[in-house]
Amino acid sequence: MAGVQTAHVLVLVVDAKEGLTPQDQHIARRLRQMGRPVVIAANKSEGKEAGMTVGEFSALGFDPVVATSAVHRIGLDELGEAVAARLPEAAKVEEDWDALPRLALIGRRNVGKSSFLNALAREERTIVSDVPGTTRDAVDLLLQKDNRRFWLIDTAGLRRMKEPEGPVEFFSQVRTERAIRRADVILFMLDAREGLSTTDLKTADLIREEYKPCVVVVNKWDLAPKAVTGEYAAYLENRLPSLRLAPICFTSAREGSRCWQTLDVALSLYDQASTEVPTPQLNAALVRAEREHEPPVRKGRKPRLLYGVQVGVRPPTFVIHCRHAQAIDAKYKRFLGARLGELLGLDEVPLRLLVRETTRKR
Ligand SMILES: Nc1nc2c(ncn2[C@@H]2O[C@H](COP(=O)(O)OP(=O)(O)OP(=O)(O)O)[C@@H](O)[C@H]2O)c(=O)[nH]1
Ligand SMILES: [Mg+2]
């Protein structure tokens with residue numbers, strides 16, 4: 001009954017071969033109490049005069065009665081139109097599919113990306129959908145969790161550097177790069193039994209260069225019975241400095257364990273990266289960061305941070321107006337980015353800082 005409570009339109013399917021039954025009448029009474037539009041599909045009506053079928057079931061008091069045959073594909077368009085005509089306006093103006101968060105599964109061949117996606121698709125709360133009118137890859141999956149919808153995108157795995165390269169590999173590399181650029185959050189998947197390869201390090205660098213929030217997903221954890229999560233995390237921290245901010249999740253796609261939790265983490269990164277920081281809060285953080293660690297004097301010039309403005313989200317992008325901006329080096333910018341992230345509660349996603357020369361304080 002839960003589905004009935006939340007539906008915009010109800011389709012009551014009756015058996016035209018059997019004809020109107022007391023049970024149909026009982027269900028119809030229940031549905032009438034719900035106060036929702038009801039359309040009747042009089043199924044198995046092949047070989048019957050449609051008019052006759054309709055006449056019989058109109059006694060239930062719902063309009064229209066559509067004579068259908070699911071097996072012979074009769075009346076389905078008509079049924080679809082009848083349903084669409086009864087949808088409330090808000091449901092017709094469906095969500096803008098392209099505006100939903102895009103989480104992309106990236107990683108080497110065989111690490112378990114497709115298995116992860118399938119593990120989620122198997123579950124009831126999943127919506128597996130091919131949205132009409134869009135030209136998505138067949139493997140894009142529309143998911144819903146806690147009333148929130150988002151895309152999960154599978155990609156073809158990347159080969160190891162030492163494997164021979166052919167045109168297929170070349171295109172999967174290009175597709176992966178494009179998937180990273182188009183994604184809002186990367187699920188960067190590794191095989192728990194394997195160390196990081198050169199390919200992984202390159203992928204990590206690209207993720208960082210593109211300022212993409214990232215969850216490192218260590219999959220096949222079921223095959224690593226003696227491994228300790230803390231030790232594995234320390235190994236990654238050491239070997240993957242470019243993804244230092246990325247939370248790490250340990251999953252088993254085969255057993256379906258911790259897959260949904262991983263998506264929770266990914267969505268929280270999406271939210272962090274979408275944050276709009278109030279200007280006073282940003283400036284208070286800037287003042288504090290500068291007080292803790294002043295930019296060093298370079299070539300006789302001492303930079304001063306004057307004020308900051310957020311100019312974008314995903315990634316959170318801040319213009320920092322400074323005196324002697326040229327004297328601010330990469331190291332100080334790294335410090336400032338990391339410290340602002342901590343102070344603003346955005347410390348799991350990359351921030352982009354643009355340092356601008358300004359002479360006067362606002
Ligand atoms: N034991 C175990 N096996 C897994 C797990 N996840 C995936 N596998 C197995 O690993 C193999 C590869 O899984 P896929 O999901 O096809 O890997 P993929 O990353 O999509 O591979 P490509 O599409 O080639 O890039 C399959 O035999 C899976 O059954 C896991 O968590 N535990
Ligand atoms: Mg796959």
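Q: Where is P64 found?
A: P64 is in the loop between α3 (50–57) and β3 (65–67). Helices (H or I, at least four residues) and strands (E, at least two) are DSSP runs, numbered from the N terminus. The model is predicted: local features need pLDDT of at least 70, side-chain atom pairs count only at pLDDT 80 or more, and totals for chains, interfaces and linings use all residues. Residues are numbered from 1 along each chain as its sequence is written, chains are lettered from A and ligands numbered from 1 in the order in which they are written, and side-chain values use heavy atoms, with hydrogens and water left out.

Q: How do you know that the peptide bond from D63 to P64 is cis?
A: Its omega is near 0 degrees. A cis peptide bond also joins R314 and P315, with omega about 0 degrees. P315 sits in the loop between β10 (304–312) and β11 (317–323).

Q: At what angle do α11 and α12 pack?
A: Helix α11 (residues 279–292) and helix α12 (residues 330–344) pack at about 130 degrees, with axes 9 Å apart. That makes α11 oblique to α12, as angles under 35 degrees count as roughly parallel, over 145 as roughly antiparallel, 65 to 115 as roughly perpendicular and the rest as oblique.

Q: What makes the pair of K113 and ligand 1 a polar contact?
A: A polar contact is a pair of N or O atoms within 3.5 Å. A polar side-chain atom of K113 lies 2.7 Å from an oxygen atom of ligand 1. A backbone N or O atom of N110 lies 2.8 Å from an oxygen atom of the ligand.

Notes. Axes are lines fitted to C-alpha atoms, for helices over the stretch in contact, and angles run from 0 to 180 degrees between N-to-C directions. A polar contact is a pair of N or O atoms within 3.5 Å; within protein, one must be able to donate a hydrogen and the other to accept it, and residues adjacent in sequence count only if both atoms are side-chain atoms.
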